[in-house]
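I opened a notebook page for this structure and wrote down what I looked up, entry by entry.

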Amino acid sequence: ADNTDSNERLKAVKDTMKAHNLPFTEDDIFYSNWEVGFLLHEINKMLENNVPMPDAFVCANDLLAETVTYAMEDNQYPNYDKQILTGFDYLEDYRAFYPSLASVDQQPDEMGRKAYEIINQVMKGQTVSSHTKIGCIFHPGESCGCQNTRNEEELRRQFARHAPRRFIIDNIFNSMFINLEKEVIHSENYHDLVKRLQNIFESINSREGSTFYIMLDHHFSNIEDEDISNLPK
């Protein structure tokens, strides 16, 4: 409830409902704290207690939108794949989902391009605005029952074809982290840790590049919540 990104999305929902004279109250809001488990529990509870399903689920991201349909399917809810719902983020991993999710693209590529452009201007000594806004784009999908929805069949075929490849890559990636964790746990002191980690990265011909940092300070896990001036230098 105190997440800025979440509240921006919620405000958009409230404003839209008001503009179309549709009823909307605080009782219509459920905070999952971005956690799939919380949402699963809530949907399961609603179905077990025969609580009528909403006309539509407007979800804060695509993963939560998918979770709604999984919970309904697991509870044998009729026509679960026809439930009206929308997501947010429009990430490729979720675009191959069936039904295709209606979602909002925050244009990360455009953000990156604009950031590069601004940095370039600053380095050349040019004056730039302190604030730059980049609009979002709504992509209708089968999940919202909209007209002219996109067909993701080709993307679904590619997603299915490369599923084993992603599994292999994830296994390689996870094994590296398991080895790192093992060496950290077995280190006797800082110098032993450095030696162990150097050996690992040399032995795997690291794909991390020649410059990277391993953060061992617990402050970094809470960096968004802290005043940056209070962090250790």
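Entry: Met111. I first listed the contacts of Met111, leaving aside its neighbours within four places in sequence, and found Gln106 and Ile134. The model I was reading is a predicted one. Met111 sits in helix H5, which spans residues 108–123. Its relative accessibility is 38%, so I put Met111 down as partly exposed. I also checked Met111 against Thr132: they are 21 residues apart in sequence, and their C-alpha atoms are 9.5 Å apart in space.

Entry: Cys136. I then went to the loop between H5 and strand S4 (137–139), where Cys136 is found. Which residues does Cys136 contact, leaving aside its neighbours within four places in sequence? I noted Val104, Asp105 and Gln106. Gln106 is also in contact with Met111. Between Cys136 and Gln107 I count 29 residues along the chain, yet 6.5 Å separates their C-alpha atoms. Cys136 is partly exposed, because its relative accessible area is 46%, which lies between the limits of 20% and 50%.

Entry: the whole protein. I stepped back to see how the elements are arranged. There are 8 helices and 4 strands, and from the N terminus on they run α-α-β-α-β-α-β-α-β-α-α-α. The protein has 233 residues, of which 24% count as buried. Among contacts with a separation of 6 or more, 57% come from residues 24 or more positions apart.

Entry: H2 and H3. How do helix H2 (residues 36–48) and helix H3 (residues 62–74) pack, at what angle and how far apart? I read an angle of about 35° and axes 9 Å apart. The crossing of H2 and H3 is right-handed. On the H2 side, I wrote down Val36, Leu39, Leu40, Ile43, Asn44 and Leu47; they meet Leu63, Leu64, Thr67, Val68, Ala71 and Met72 in H3.

Entry: Asn61. Is Asn61 buried or exposed? I counted Asn61 as buried, because its relative accessibility of 13% is under 20%. Leaving aside its neighbours within four places in sequence, Asn61 is in contact with Arg9, Trp34, Gly87, Phe88 and Asp89.

Entry: backbone checks. Asn50 has a phi of about 55° and lies in the loop between H2 and S1. Tyr90 has a phi of about 55° and lies in the loop between strand S2 (84–86) and H4. I marked Asn50 as exposed, because its relative accessibility is 68%. I marked Tyr90 as buried, because its relative accessible area is 15%. I also noted a cis peptide bond between Tyr98 and Pro99, with omega about 0°. Pro99 is placed in the loop between helix H4 (92–95) and strand S3 (103–105).

Entry: a surface patch. Which residues make the nonpolar surface patch of about 320 Å²? I found Phe167, Ile168 and Ile172. Phe167 belongs to helix H7, residues 163–186. Phe167 counts as exposed because its relative accessible area is 55%, and the limit is over 50%.

Definitions and conventions. Residues numbered from 1 in each chain as written. Predicted model: local features only at pLDDT ≥ 70, side-chain atom pairs only at ≥ 80, totals over all residues. Heavy atoms only, no water. Helix = DSSP H or I, 4+ residues; strand = E, 2+ residues; numbered from the N terminus. Buried < 20%, exposed > 50% of the residue type's maximum accessible area, 1.4 Å probe, protein only. Contact = heavy atoms within 4.5 Å. Patch = residues over 30% accessible without salt bridge, like charges linked within 9 Å, V, L, I, M, F, W, Y side chains within 5 Å. Areas by Shrake-Rupley, 256 points an atom, 1.4 Å probe, with all protein chains shown as cover. Salt bridge = Lys/Arg side-chain N within 4 Å of Asp/Glu carboxyl O. Axes fitted to C-alpha atoms, helices over the stretch in contact; angles between N-to-C directions. Left-handed = near helix turned anticlockwise from the far one by under 90°.
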